[in-house]
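Q: Please walk me closely through one part of this model, and follow it wherever it leads. Keep it brisk.

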There are 2 protein chains.
Amino acid sequence: MLSKNRIKQISSLQQKKFRQETSTFVVEGHKSVMELLRSNVKVVEIVATADWIVQYAKHFRGVAVSEGSGADLERISSMKAACDVVAVVEMRDTEPLTLDKSRLYLALDSIRDPGNFGTILRIANWFGIGTVLASEDCVDLYNPKVVQASMGSVFRVDVHYCDLAAALTDAQKLGMPVYGTFLDGENIYTADIGCGGVVVLGNEGHGILPETERCITRRLLIPSGSSPDTSPESLNVAAATAVVCSEFYRRRF
Amino acid sequence: MLSKNRIKQISSLQQKKFRQETSTFVVEGHKSVMELLRSNVKVVEIVATADWIVQYAKHFRGVAVSEGSGADLERISSMKAACDVVAVVEMRDTEPLTLDKSRLYLALDSIRDPGNFGTILRIANWFGIGTVLASEDCVDLYNPKVVQASMGSVFRVDVHYCDLAAALTDAQKLGMPVYGTFLDGENIYTADIGCGGVVVLGNEGHGILPETERCITRRLLIPSGSSPDTSPESLNVAAATAVVCSEFYRRRF
């Protein structure tokens with residue numbers, strides 16, 4: 001059984017401050033918890049309903065499993081719909097960032113929406129991008145909504161929070177192109193782009209910020225098929241990420 | 001000033017039932033309301049803070065504008081963060097659906113998440129797709145979160161709720177290819193695809209449903225750049241939509 005105190009501790013992990021203090025975060029819901037199995041993340045504890053434990057706990061050998069009532073799980077979870085299981089897991093240590101000229105990286109500039117951030121990690125993971133840079137003011141990687149939207153990619157993609165302008169300047173010094181999408185850029189479909197470089201993705205409301213824009217060396221455009229008066233102003237940042245990652249990946253075929 | 005009764009009426013439009021009864025829906029927030037200006041949607045009423053009215057109401061000539069307090073707007077709005085303005089607008093009449101062999105359509109199969117649905121409309125609009133089919137069990141087009149995520153595209157893309165299997169059978173009879181993405185499909189990057197056809201996009205949890213899958217004539221694959229044991233199971237449906245729409249559009253260049 002779960003003590004009241006433990007419930008309070010786990011639900012406090014919805015806040016970044018407590019996640020940082022304990023170097024742990026919470027993974028919620030069956031799908032995401034099962035993704036844990038496929039990762040090398042260290043699971044501290046699983047809290048689940050009796051039914052879930054009977055069916056699935058055997059997959060997590062050696063992990064402490066506590067039974068919680070539906071009400072306990074509701075208190076722990078950040079999600080609106082109650083879930084059957086949450087896991088408390090240890091944050092991974094990330095290796096110091098070393099840029100490799102031949103590889104593609106994403107650089108997230110002030111991405112605030114956890115759903116977007118998580119979806120971008122899932123897209124990066126899908127297209128084989130293993131490392132993502134993020135400005136310090138991006139949403140926290142271990143925010144429960146980021147974890148959920150990433151569908152397990154949070155366990156598989158290395159995210160480096162850093163001074164983005166400094167990191168992009170380093171990339172430039174290595175001779176890596178630094179890409180961004182703009183309305184006055186070169187058509188991405190016909191642009192001559194290689195395999196390596198950094199793709200900068202901008203804030204939901206303001207796009208790429210001026211101090212970051214100064215580091216862009218290749219301006220690309222995702223052309224719109226609608227006339228200017230009937231087209232949306234832009235694509236959502238996750239949708240733009242999907243198009244750009246797809247364009248880089250496609251050139252391998 | 002807004003009467004209590006009117007506040008209650010407007011906030012009731014968060015529910016589909018009342019939207020259908022009145023054939024009106026609510027558009028929330030400055031950005032979406034300004035998108036209204038670019039559309040031919042009929043605005044019934046604007047409710048805004050005194051500041052917003054001073055700055056922007058002149059753009060909506062001939063529209064009834066009511067001043068509301070922050071607390072009034074909070075009561076009306078479905079969003080967590082209070083907004084400065086909401087508009088009550090009339091639903092558009094949609095022309096009966098007539099498929100044109102030379103054009104590309106999206107068909108949404110049981111898309112339940114309003115954020116996904118709205119984002120998909122924004123993507124369709126970006127890539128010049130003017131008509132989207134939706135199964136009857138998709139989320140309602142006029143759900144406030146759909147409207148918000150679409151960033152105005154809800155005013156510019158025609159959405160037809162219909163019996164999807166029947167509509168896809170009609171498309172087949174016209175000789176139109178019916179596309180879907182599957183893990184055993186043909187590489188979309190190298191597939192010979194034309195301009196016209198219908199692209200089916202599947203439910204968030206279950207993908208394309210069996211009765212819809214029977215109507216698919218061309219199975220496509222968005223290849224993953226990660227090995228099977230480190231790749232996410234799938235892309236999010238909006239990300240997949242972005243990649244597929246981009247792939248069709250790219251072939252024009």
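A: Axes here are lines fitted to C-alpha atoms, for helices over the stretch in contact, with angles from 0 to 180 degrees between N-to-C directions. This is a predicted model: local features need pLDDT of at least 70, side-chain atom pairs count only at pLDDT 80 or more, and totals for chains, interfaces and linings use all residues. Residues are numbered from 1 along each chain as written, chains are lettered from A and ligands numbered from 1 in the order written, and side-chain values use heavy atoms, without hydrogens or water.

Take helix H3 of chain A. H3(A) lies across E1, E2 and E4 of chain A. H3(A) runs at about 40° to E4(A). (Helices, H or I of at least four residues, and strands, E of at least two, are DSSP runs numbered from the N terminus.)

Now the sheet under discussion. Four strands of chain A form an open sheet in the order E1-E4-E2-E3. The pairing is mixed; two strands pair if DSSP finds at least two bridges between them. E1 (24-28) and E3 (64-67) of chain A are the edge strands, and each pairs on one side only. From one strand to the next, the twist averages 20°.

Look at one pairing. Five bridges join E1(A) to E4(A) (residues 85-90), in the antiparallel sense. Glu28(A) has Val86(A) in E4(A) as its bridge partner. Helix H1 (residues 4-12) of chain A also packs on the sheet. H1(A) touches E1, E2 (43-48) and E4 of chain A. The direction of H1(A) makes about 115° with that of E2(A).

Next, the contact with chain B. Chain A gives 41 residues to it, and chain B gives 41 residues; contact means heavy atoms within 4.5 Å. The two chains bury about 3,600 Å² between them, counted as accessible area (1.4 Å probe) lost on being put together, summed over both. Carbon and sulfur atoms carry 55% of that area.

H3(A) (30-37) returns here. On the side of chain A that touches chain B, at least two residues each come from H3 (30-37), H6 (114-126), E8 (178-187) and H10 (237-250) of chain A. H10(A) has the largest share of that side, seven residues. By class, the side of chain A that touches chain B holds 15 nonpolar, 15 polar and 11 charged residues. Charged means Asp, Glu, Lys and Arg; nonpolar means Ala, Val, Leu, Ile, Met, Phe, Trp, Tyr, Cys and Pro; the others, Gly among them, are polar.

In short, H3(A) lies across E1, E2 and E4 of chain A, and H3(A) also supplies at least two residues of the side that touches chain B.
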